[in-house]
Each structure stands twice: as C-alpha cells, then as structure tokens.
Amino acid sequence: MKRSLIITINLLIMGFILFIITSYANTKADESYENGIIGFEKMTMTTNRIIANYLEDEQHLCDIWANYINLSAKDGVPMTAEDAVSFIRKAKTTQEIDGHLIFPDSPDRSGVSTAAKVSDPDDYTVSYKNIDIFDNIESVSSSGDTVNLTRAYTNPMNGVQSIAFYDHVSVLDPGSGQLEDGLLMRVVPLSSLEQKLVFLKGEYENVEISIVDREGNYVVHGKSFKNSNFFEYYKSYNEASAEEYELATDEIAGGTGTMTIKNSKGDDCILSYMPLETMTTWVLLAYIPLTDLVASRSIDWLLLGIATLGFLLLLIFNSIVMMTYNRKLSEAAQQANQANEAKSDFLSAMSHDIRTPMNAILGLNEMVLRDSRDDNIRMYSESIRTAGNTLLGIINDILDFSRIEAGKMEIINADYSFVSLLNDLVNMVQKKAEEKGLVFTLDIDRDIPGTLNGDEMRIKQIILNILSNAVKYTDSGSITLSVHAHDLRDKPDSVMLRISVADTGIGIKPEDLDKLFVAFERIDEKTNRNIEGTGLGMTIVQRFLGMMGSHLEVESEYGRGSVFSFDLEQKVVNRDPIGDYEEAFRQLSSQRKNYHEKFTAPDAGVLVVDDNPVNLTVFVNLLRKTRLKIDTAESGDECIAHFRDRHYDVIFLDHMMPDKDGIETLKEMKSITDTPNKETPVICLTANAISGMRKMYTDAGFDDYLTKPIDPEQLEMMLLQYLPKDKVIPASGEEDTEDNALPSFLSDLKELDVDAGLAYCGDAEDYLMALEMYMESADKKSEEIERYRAEGDIKNTTVMVHALKSASRSIGALELGEFAARLEKAGDGGDKETLDRELGELISRYRQLARALEPLRGLTL
Amino acid sequence: MKKTLSAILSLSMTAALLLQGCGSGKKADAPFVPKYDKDTEFSLTVAGSYSNFESLEAEFERFYEYYPNASLQYVTMDDYNNVISSALVNSEPPDIFTTNSAMIGDEAYNDMFDSCEVLSDPSLDIDYSCIKESLIRTTDSGDVVMLPIFTTSYGMLVNMDIFEKEGLKVPTDYKELVSVCEKLKSAGYESPMMGTDRFSGTGMFNCFVYPMFAYDVINNSDKVDSLNALDPSAGEVMRPSLERLDEFVNSGCVDVEKCREEITDEYEAIIMRFFEGDVPMMLAAGDVVSGTAKRESKSDAFTAHPFKYRFFAAPAGDDGGYFINSISICFSVNKNSRNIDMANEFMRFLISNKELGNMASLKRLIPPIDVFSEDDLYSALADIPDDRSFSDKETGLMDPAVRQFRAAIFAVGNKEMTVDEAVASYGSIPEE
C-alpha cells in the first residue's frame, strides 16, 4: 500500500474521529448553550420577581402614606398638603426617598415636596410642568396592576434620575376649605432599584436590565442600550425587514421569551424579555453578550484542539515508525533482490556448468548410439540419453521458472506451422508413451488453419509438459491429445484453439488439485516417489498460459485419469486447413526414418571454437555425415588466427572460455578488416540458457546462438539457415529407401512393432543388427534366467529380466518389454510368487519371438 | 464648475485650518493618546436634554477602544434647563452635561456655571484650538467652561431632483430666488418655498431673514447696545431685513397660509412635508436638518421616490445668502464629578477634528470646526464668501433682542404688523 494512501486513510480516520468529537462537542455546547439560555431566562424570572417584590414593597409604603392621609379625610379631619407632606417627612425612614404631593390639575402640575430644592433650601415647591410622566396615569390605573409607577425621570427637586410610586389622596385646600384630589408620589432614586440587581453581577457579570413600556420607551435604561427607545435601538443595529421588525417588537412588547439581537458593536447578544409581574404595561428586558453564555464551548474546542494535536503527533510518530520499518523492509527487499540476483547468477553458472558437460555426455552418447552395433551398448547408451534428457528437462524447468519469477520470460510471437508443431510434439511424446506401453491417440480438428501466429516454442513446451506428465503418471491405457478450433466472431483474423490432453493415469485427488500449480509441490509424493520431476511443470504451464491470456483447466478422477485442457487464441496467418492430420501422421510414422543427415555440404567450411576438446569432438562427430569441412579452435586467439587466414561459411564460437571469452573474441574479430570472413555469420555456443540471453548475444554482435547440450537436429537446421544455398546439397531419398528396406515378414510378427524398433535404432541397418543380436542371444539369456530362478536368486533374475525388458523395447517388442517390466517390478518388490507364476510365460514368449526372427540369421552379414 | 469651486474652497478652509488653527502647534489632528492606564475602570454619565444622542453613543464606543473597561452613559434629563443646576450637586451628579450659548448671561445658570470645570486650564491638556474661535464662549474671567459640539445655521433644504428636473439652478441671491420661484410656480409648484410658521428659531421667517439681520447688526455694531437694551430707536436696524421679508412674503415665493395648514410643528412636520417630494425649497434650521436621516425611512413618499437634497443659505440678500453659525450644543464638565479626571479625559478625546467631525456627520449637524461635515449636505455653505459668514457671537446680541426680532418677523410675516409698525414697536413687540 502506498504511503500516501496510508496517510490519507489515517487522516480520514482522524478526520472522522474529530468529526465525531466536534459533533459531540457541538451537541454538548448546544446543550450547554440551551442550558445557559434556560438559566438566563430563569435569572430574568428571578429578577422579575425581585423587582416585583421591590416595587410592591415600595408601592405598599406609598399606599400606607396615602391611606393614612385618606383616612384622615374620611375621618373628617382632612390634612392639608403641608400636613400631608409633614406627615410623610416623619413617616419616611430613608433620606434619599422623597415624597411629592402634587395636583395634576393645577396649571404647573405643582405641589409640595418633602425635600427642598437643592438650588434653594427654602423652596419646597415642586412642579412637574415640564415633565411628562403623567400621560398614562389613567391607563396604568385602569390596568389593574398592583403597582402604580412612573417611568424613570429627573426629580425636579434635585436632578436625580428617579422613579415614582403614586397613589391618589384627598387633601384639604386651605383657601377654599374643600377637599381636592392630589397625587402622592413616593420618589425613589433609580439607583435604589439598580442596587437590588447587584446580585446578578455574581453569575452574570455583564448582564444589564432595562424596563420599557410597550412602545419601547425606556423606563429604566440599561447602560448598553442605546437610543431613547429600545425598539429604535433594535432597529438601528439589527438588520430586519419591516415584517421582522414588527414581529420582534410585538413579541417583546407582549410576550415572554428569548431572542438573539446584535448590540451596537455588532456582537450577538441574548435578550430575555417578559412583562413585569406587577406592571404588565411594562416589560423587563435582560440583556447579556452571547459569549458570556457560551464560554464553556471554548473548553470543548480546547479539548478538540488537544485531541487534534494528539492525533497529529500519533500520525507523525506512526509515520516515523512506519518509515523506519519501511526502510528496514526496503533494505531487506534489497538484500532479497541481491539474493535473487545471486540465485540468478547461480542458476546461470549451474546452467553453464551442468549443460557444458551434458553437451559432451549427450553428444558423445549420440555418437555411440549412431555407431554402436552392440545391443547392450546401445541399450546402455539409450539409458544415458534418457537420463540425460530427463536431467536437461529438470534443469530447463528450473531455468524457466527462474525466468518467470524474475519477470524476464517473454512471449515472442512469430508465424508457425501448426502441423510442424504437432509433428514435434508427437515425435517427442509418442515414443515415450509407447515405451510405457501406452496408446497415444490423436484427435485433431481437420479445420485448424495451417499457419498461425504465436509463440510456438512456449506452446509446444506447454503441451509437451502436459503430455510428459500424462505419460509419467499413466501406467496403462491411453493418452489422447485433442486439438479443436473454432472461429471468434468479433476477431475474424484469429482462431480459438481448444487443446486437451486426456489420460487414463492415476488421476488426482480432489484435495490435491490446489497443489497442482504450486511451485516445487509434488502431488501424492509418497505414491509417485519413483517419478522424476521438480514439481514445476504445471506451474510453468500455468504461468505461460497466463502470459498468453489463458489458463489450464483440470478435470480428474483419482484412479481413473485426468483431462488437462486450455483455450488458446492465436492469430491466423493462413487459413488453409491442416486436413486429416491423423492419417498424415500415420503415414509419416510408417515411413519414419532413423537419423539421417538433412544435407551434405562438402564445399562448405565451418569453424567451431570451444575450450573443451570433448565438446569439439562431439560437435565434429555430430556433423560428420554432412561432410562439412570443420576446423576447430580451443581458444579465442586460435579462433582469430583461423579467422584471419581462411574463409568460413559459419563460425560457432563458445561464450565461456578462459583468457578471452567469446564476446571479447568476437569484438576483436569485428575490428579486423583484413579477413575473408567479414560477412561470415558468427553463432554463439552457450550453456547459458537463462532469460535474456538472446538479447545479450545479439547486442554483443552475434548473429544467433545455440545452447548446449547441442541438439543435433537444431544444429543442422541452423546450418541450413546460415550456409550459402549453393553449397548445400539436400539429402537424397534413395538412401532412405535403401536404409528402410526390411524383410516383409517382420511386419507380420504380432510381437514386434517395427516402427518403434526403427525409431529406437535409428535406421534399418541398425535395426536388423539389433534384431539379429536379440535372436542370437535369446537361448543363452533364457537359460540364464531360468537358472537364476531355479537357484532362487531373485536379484539376478530381476537383473536379467530388466535386460530383457530393455532389449525387447529396443527392437520394438513393446508388449514383451512391458511384460518384462512388470516382472522386473515384481522382482524389485521381492514378489517371488509373481515371478514363479509368470516368468515361464515371459521366457516362452521370448523364445518364440527369437524363433520367429530366425530368418534374419546371416542376413546382415 | 461650482462643485470644483466648492471643493477648492473646502480644501482652502481645511488648509487654513491646518495653518492657522490646528496647524499652529495644535495636536487635534494627532491620534489620541490615552493619558491613563487603559485598564482603568470607570463610569461616566453625560446628561443632556436630547431624548436621543446616537452620535454621542457612537463616540462612547470609539472611546472604549482606548479604555475598554470604561462605561459611559447618556442620560436624558427631564426639564433639563431647570434641573441641571441641582443635578450637578446632587448625590448622583452627571460628569459631563450639555450647555448652550443662551445660558450665558442668564443668572438662572450661575450655579450651573459655578459647577463647571475650567476646560481652558492648561493642566487638563484639552486642545480645543480646532474649534472656530468665534464659537468659543468664555466667562467674564475669560475661562472656557463650555466647548461647542454642534453648531447650527438657518437656511433651506433644497430638493435637488426638482431643480435638475426643471433645469434650474439653486438661487444664490434674492433676485434669482424670485425668478426661480416664478418658474417653479409656472411649473406647477404652488408654494416653491415652505417652512413652519412658528415663533421659534426654526420658524421660516427666522430662517429666511435672521442671518441678514445679524449681518446688518454686525455692520451696525454701534447699535448693539441699544438693541440689547431693547431701545425702540434701535428698531431701525431691523428695517432692511423686515422689508425684505415683507417683499418675500408678497412675492409669491411662499404660501404662508398653506405652510400654516400643512406644517403643524417646528420639527418633524417640516421634514415629513419636505419628504413628500413636491417642495423645491424648505426653510429650516440645522437642528431640523439633523433629523432628516432617521425620517427618510419613515416617509412612505420618500421611500417610494427618494431624492437628493442639500442645505443652502437662504438667498435673502441682494448679493447672496448669509451663513450664520450658531452654537447648537456645548459640553461642560462637572467639576464635582466623581470621575473628574476621566471626564476631562473624555473631553480631551472628543475635542478633535476627527471626533467632532464624526459626531456632526452622524448627527447631520454642522461641526464647530472649520471643516464641514463629510456629509455633503452642508457643503454648499462653503460657497458663501467669508464676509457673509459669521457666528452669532459676533452680533453681540443678547437673547431678549433676538426674541424681539423674532417677534417682529412673526408679526410682519403674518401681516399682523407693517414693517413701520414693527420697527417702531421694537422692545415691546408681543412675543409668543
């Protein structure tokens, strides 16, 4: 996972957690805010109650004064204004409270005050002429409220902002002797009311209280409330449409509630409003900056900030730890890569080191096979070839897997003949199958296009792997290779091949199917311990198919057999159908020849360079029948000497040589201008078969390369490609006919498969020799077997049966060979009973065959 | 051209102010530097008769920037003129209070003035040099105990849209006025000029000819004492302005009867009638003009069809109008203040071109400084030549003399007296 993705996921998780915290904090803050609002409303209610109590108390005191004065009038001894004021002077206990007795109906709304004017200590006359606080007396009186209170006004006697409680009194007019109505006012400094609200400062330091009338005019003016009218103030600082303004003012004037308003600084404030309990015509307003109520929210944000910081630190810490681990992992990966490179180097070396001697072994063995007429030697040589090829197969599997693992395996598409591909496969597999007594059948769609485009080598390798496995794991029965083709609708220039290999082998347990494609995993190891293999075959097949956009399908029934199949899309180059391949193959098989050189070129010259003399011998002998003029050189310098002196048509140059390797030698050769070999193709001989070799050698200047151990057929094919055409004489067919001349009675022998024998022996001459040797040794061998059996010597009996098996197979007596193989297996397993029961029949059939071959006696001499 | 000239004149006045007044060692334009610790907690009360003083409240907010723990409050006092003296010595005295020029010389306010802090005391460091010298009032001993905050003038509100629509220029002298009024009348404006027919300074006759009368008094300074003594012989000084008033009333420029019917008070009704949008020129005092901004939204007619308006001197003279600058309101500091130092600090803050200009701009009044309000409502006053610009202090008239003149123009304007009768009756003309 990329680091940026990990960080992104971390940040997302962090963001999510912070979101949750924020949401939670906001919810809590909202709750806190709501609680704050509720608390503030409660405070307003408490204030309302306190003010109500205070006003009621003050009103009550005013009423007591008035009652006393009115009672006097009622009792017939009415007081004059002076008497009344004198009484109040005595009754009032607080200095700052004044009593005013005025006559609202008098021109100047004048009367008498308990205190003299500040400006004139002798003047107790009070006038409210210029103070309009009595405009709503009637409405207040009729409202039913228990308190009769004026708005805040300036006490005309001392200039102090005051409020006045009032009540009506009847006093005696000394002039007229009549009672007249007066208004008795208990004038209280506004500060007295404000002092009652000091308690609020404890909990709400910035709270301000105002009292307004229903028109918004201030009765008591809070300090932060601007303007002379609260509604005007609201309008000045709060953007509201006419409707909103009306709604807000109606709500404040008539209801109870809370709203958010902006103060003169543009800050949000909470305004709590409710009618005064004692004076419903007035409204109590409590105002506080919003920040005072939501202060606790900042604590949540602080916590959030700390959490964010914590997360960031955690992320940074984790990133550092992760980076440290990544660095270590990177180092480990680097080491692993280095180890892998070391492995590649090792494989390369192993490839070279094993394949080089294998070249000598298999090459020389080929010579032995070609030249020897001794049946035993040929049998031993054949075993060497089988074992060698098996070893090469194992090495090739390992190298292929190594290439795939290193991602260096390439699919190289080229045009190829599908028939040729089939031929190669059949040639390689049929012999092995028949050696095991298996029936190899073909089911080839005759409409398969003749020429396709694809990686022929890998396809061949895939099918061969499957077929080889089928042969390996099938003891009896048959192996069927099916290839069918169908067109692709949307790809007219392509064809889909359905290739399947069915066998009647041991099958695979369902639980083992998964192991099939696991590298180095061998299925049913215990049972199959005698079967050679690396456990890589199917893995490589699957990987190759994957690279070609396909996959292997397996259907298997344990003990009954398996079907391996896959689809493969190939481009069509030539749509001419291949026709009846099975028939063609049968004909081909019947005409199968043993090795015969593909051409002769007596005028062509070839130089082969290798530091190993054995390899040089192998090389020369492999081409002996082509009659090529072959010079050899054992070092780069020797090669260059030949290169300067004599013209060659092809030069084969070994890569790994002491002192001056092939590439260095080639570089020097390229720099030489004075040579008759300027145009001569140079082919690299290499035991390196690991990935990337082709590119390396072509980059180095080689025209081609040939891997060791040298495949004789591939060698001849390469020579045919590079030799001048005028120097090449194709092999004649007559010799083949001659070589193929076998006595006709051989074909009639049921015990003998002439084709298999010919294929094994190479040519008719060798085959006849092998048959004769088989015939002549039959009596002796039979007797020896019987003797060993009679002596109870199972070991030597088994060895002799083994020899009979090989000899029988080499002449094409496949069923007899298989019979011998079964008894050999019984002998190996100490199964004396089987030997006793069936050995007689084996020897009988052996002798019978030998007698049938009697006509050959002296034929080969 | 005229706009350019106005701008040049304004700039000239500003430059003159800087060079002569505030520029000569003046610090009024310098940023205010608090004298005390900014964390000082204190409360101040400013008492006045304005029921609403938003421009002062705006200054409180600005003052809080320097003293965030301060708490200032404006208190409207009922029956202000009668109670202020008592309030200053009571148990809860205001720290700052409003005064006006009419209080000077009135014995009723002796106690009040006795309670005033001497603002010219150098130790207070109150630099009032930015205020026009002609507006500074002093006590007999030469002390400055009141500093003007707003000034006013008498003139007319002009509906600029009407003039633009009719293709007319605002008249600058009496001849042009008559001509323009004739054209406006023919265009359908029944009474091209209107105003309130009241006895007060806001009355339309006062707004029209009082500046002219004041100009004549200044030019006949030898008659001032006689005028102040209400000597009937001094009545002749009134003759030119009374004759111009008589001429004006008879010219058809104003329909007095219509004014009396449609404009029923001397403040709100003037504004609201003007906002109807069909009065080309409304005679009014600056105090009335200050109420226009708030009432724009209250007028449905103006809200529906807003128009541009400006204040001009009434073109009563043959050579043009007269700009008389009268004190509207002053601030004094109560020397009995419990926070006398901070009260003086507030005054030190307030008395500057910037703050006085801000206040005047908000209040839509004329600042006492040489720079007119940024609000171009008054910018036309800058066009009036210096020889016809003066303050009412320069007339030397006492309030009784002024009231006699108002009585004279009220009588002549309403055809209750002839010019001759009014002149002859000076000193005994019935007042309101």
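Which residue in strand 10 of chain A is the bridge partner of A:Gly257? In this predicted model, that partner is A:Tyr273. Local features are reported at pLDDT of at least 70 and side-chain atom pairs only at pLDDT 80 or more, whereas totals for chains, interfaces and linings use all residues of this predicted model. Residues are numbered from 1 along each chain as its sequence is written, with chains lettered from A and ligands numbered from 1 in the order in which they are written.

A word on confidence comes before the details. pLDDT is the predictor's confidence in each residue, from 0 to 100. Chain A has a mean pLDDT of 81, with 89% of its residues at 70 or more; for chain B the mean is 88, and 92% of the residues reach 70 or more. The complex as a whole receives an ipTM of 0.78 and a pTM of 0.55 from the predictor. Two stretches call for some care. In chain A, pLDDT stays under 50 over residues 733-740, for which the model has eight contacts beyond four places in sequence; here, two residues are in contact if their C-beta atoms, placed from the backbone, lie within 7 Å. In chain B, residues 1-28 also stay under 50, and the model has 38 contacts beyond four places in sequence for them. Where pLDDT is low, the predicted coordinates should not be read in detail.

The opening pair of residues belongs to one of the sheets of chain A. Helices (H or I, at least four residues) and strands (E, at least two) are DSSP runs, numbered from the N terminus, and two strands pair if DSSP finds at least two bridges between them. Strands 9 and 10 (residues 268-275) of chain A are joined by six bridges in the antiparallel sense. They sit in an open sheet of five strands, ordered 8-7-11-10-9, with antiparallel pairing. Strand 8 (218-220) and strand 9 (257-262) of chain A are its edge strands, each pairing on one side only. From one strand to the next, the twist averages 35°.

Another open sheet of chain A has six strands in the order 3-2-1-6-5-4, again with antiparallel pairing. Strand 3 (125-127) and strand 4 (153-154) of chain A are at the edges with a single partner strand each, so one side of each has no neighbour in the sheet. Within this sheet, strand 1 (residues 98-102) and strand 6 (residues 178-189) of chain A run antiparallel and share five bridges, and A:Gly99 has A:Arg186 as its bridge partner in strand 6. Helix 2 (residues 81-91) of chain A lies across strand 1, strand 2 (110-113), strand 5 (161-173) and strand 6 of chain A, running at about 165° to strand 1. Axes are lines fitted to C-alpha atoms, for helices over the stretch in contact, and angles run from 0 to 180 degrees between N-to-C directions.

Helix packing in chain A can be followed through two pairs. The axes of helix 10 (residues 375-405) and helix 24 (residues 794-811) of chain A come within 10 Å and cross at roughly 90°, which makes these helices roughly perpendicular. Angles under 35 degrees count as roughly parallel, over 145 as roughly antiparallel, 65 to 115 as roughly perpendicular and the rest as oblique. Helix 10 of chain A contributes A:Asp375, A:Arg378, A:Met379 and A:Glu382 to the contact, and helix 24 of chain A contributes A:Ser806, A:Ala807 and A:Ser810. By class, these are two nonpolar, two polar and three charged residues; Ala, Val, Leu, Ile, Met, Phe, Trp, Tyr, Cys and Pro count as nonpolar, Asp, Glu, Lys and Arg as charged, and the others, Gly among them, as polar. Helix 12 (residues 456-472) and helix 13 (residues 537-547) of chain A pack at an angle of about 150°, with axes 10 Å apart. Their contact has six nonpolar, four polar and one charged residues.

In chain B, helix 2 and helix 16 (residues 353-363) pack at about 140° with their axes 8 Å apart, and are therefore oblique to each other. Among the residues that meet are B:Leu56 of helix 2 and B:Met359 of helix 16 of chain B.

Between the chains, 23 residues of chain B are in contact with 23 residues of chain A. On the chain B side, helix 2 (54-64), strand 2 (70-76) and helix 3 (80-87) each give two or more residues, and helix 3 of chain B gives the most, with six. This side divides into six nonpolar, ten polar and seven charged residues.
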